[in-house]
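Colleague: I am new to this structure and would like to learn how to read it, one feature at a time. Could you take me through it slowly?

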Amino acid sequence: MSVRALYSLMQSGEARLGGGEGMQGIYGSITQASMSRVLDALAAETALGPDSVMLDVGAGLGRPLMHALVSHDIKRAVGIELDDVKVAKARALVRNIDRANRIDGRQLAPCIDYVCSDIADAKAVHTDDVTHCYSFWEGVPPDAKEAFGRLVQKSDAVQGVAVVQRAVRGESPEQCMHGWGFGSLVLVNTFAVSMAGSGRKMTAYIFRRDSGVLTPSPRTLPLEEFCTPKTQETVTDDATPRDRAKAPKRRRLSL
Ligand SMILES: C[S@@+](CC[C@H](N)C(=O)[O-])C[C@H]1O[C@@H](n2cnc3c(N)ncnc32)[C@H](O)[C@@H]1O
């Protein structure tokens with residue numbers, strides 16, 4: 001199945017299920033073209049491919065996971081989602097897509113585990129073999145970001161992390177992630193992405209796991225995009241005073 005055919009099936013399937021609304025959390029996805037760019041960057045910079053296991057924190061209806069299974073033929077996908085309505089819709093959606101696609105290629109449902117849980121309570125979820133993580137974490141609360149950070153930091157297997165959010169201001173993205181407890185990540189790419197439906201602009205940050213010290217990669221992209229030294233305010237736009245207190249002190253990064 002092509003990615004285009006997948007998105008067409010996702011759209012018709014979601015329309016039948018009543019869209020992405022649920023009972024909790026904000027829902028939204030980035031466009032097919034934007035998600036392709038995120039996955040291609042993870043592949044180019046962090047070796048996303050057929051041996052990879054991808055986790056989506058706040059998986060919604062599972063669009064990014066199904067996209068990765070089809071476009072990059074990843075081995076397995078895990079979606080953690082707080083909202084049981086969205087989890088039920090995600091399971092129904094992938095079953096319907098498989099039914100419509102019985103002849104043409106890989107069945108997706110057997111390759112995806114949807115777990116209905118708050119990421120902060122997801123100790124029982126099997127994530128030991130997760131190699132790549134994605135989160136469109138706009139609206140995801142700080143304690144969930146910290147739980148995600150702990151999961152990445154304690155993993156030996158994670159190679160790449162992609163997050164989509166509003167542009168980071170007043171701090172480098174690496175320091176932001178460090179502040180959320182992700183340990184040492186190197187920013188290897190960043191670019192604007194668009195939300196499906198509204199077209200609202202967000203920013204994708206692609207990180208590679210780094211075993212060394214917090215050092216920007218030579219490929220780190222325009223610092224002025226996310227370092228605004230005159231402003232004092234935020235780690236991320238939705239940071240709380242507690243997050244700011246916990247965030248590492250700002251320093252200018254030099255290339
Ligand atoms: C912006 S949506 C992204 C959905 C999906 N990843 C996509 O890109 O299509 C964020 C999702 O995170 C979920 N969420 C929010 N807080 C969460 C938490 N603490 N644990 C797990 N999921 C959470 C929301 O219910 C929502 O579905």
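Colleague: Which are the buried residues of helix 3?

Modeller: Before the list, please note that this is a predicted model, in which local features need pLDDT of at least 70, side-chain atom pairs count only at pLDDT 80 or more, and totals for chains, interfaces and linings use all residues. Residues are numbered from 1 along each chain as its sequence is written, and side-chain values use heavy atoms, with hydrogens and water left out. Buried means under 20% relative accessible area, exposed means over 50%, and partly exposed lies in between, with a 1.4 Å probe and protein chains only. Helices are DSSP runs of H or I with at least four residues, strands are runs of E with at least two, and both are numbered from the N terminus. In helix 3, the buried residues are Arg63, Pro64, Leu65, Met66, His67, Ala68, Leu69 and Val70. Because eight of the nine residues of helix 3 are buried, this helix is largely enclosed by the rest of the structure. Asp73 follows helix 3 and has a positive phi, near 55°.

Colleague: Which residues of helix 1 are buried, and which are exposed on its other side?

Modeller: The buried residues of helix 1 are Val3, Leu6, Tyr7, Met10, Gly13 and Glu14. They lie on the same side of helix 1, because they cover an arc of only 130° around the axis, the arc being that of the directions from the helix axis to the C-beta atoms. On the other side of helix 1, Arg4, Ala15 and Arg16 are exposed. The cover over the buried residues of helix 1 includes helix 2 (32-46), helix 3 (63-71) and helix 4 (84-100). Just after helix 1 comes Gly18, with a positive phi of about 90°.

Colleague: What is the mean pLDDT of the protein, and where does pLDDT stay under 50?

Modeller: pLDDT is the predictor's confidence in each residue, from 0 to 100. The mean for the protein is 83, and 81% of its residues reach 70 or more. A contact means heavy atoms within 4.5 Å. Over residues 213-241 pLDDT stays under 50, and the model has 72 contacts for them beyond four places in sequence.

Colleague: How many helices and strands does the protein have?

Modeller: The protein has eight helices and seven strands, and buried residues make up 54% of its 255 residues.
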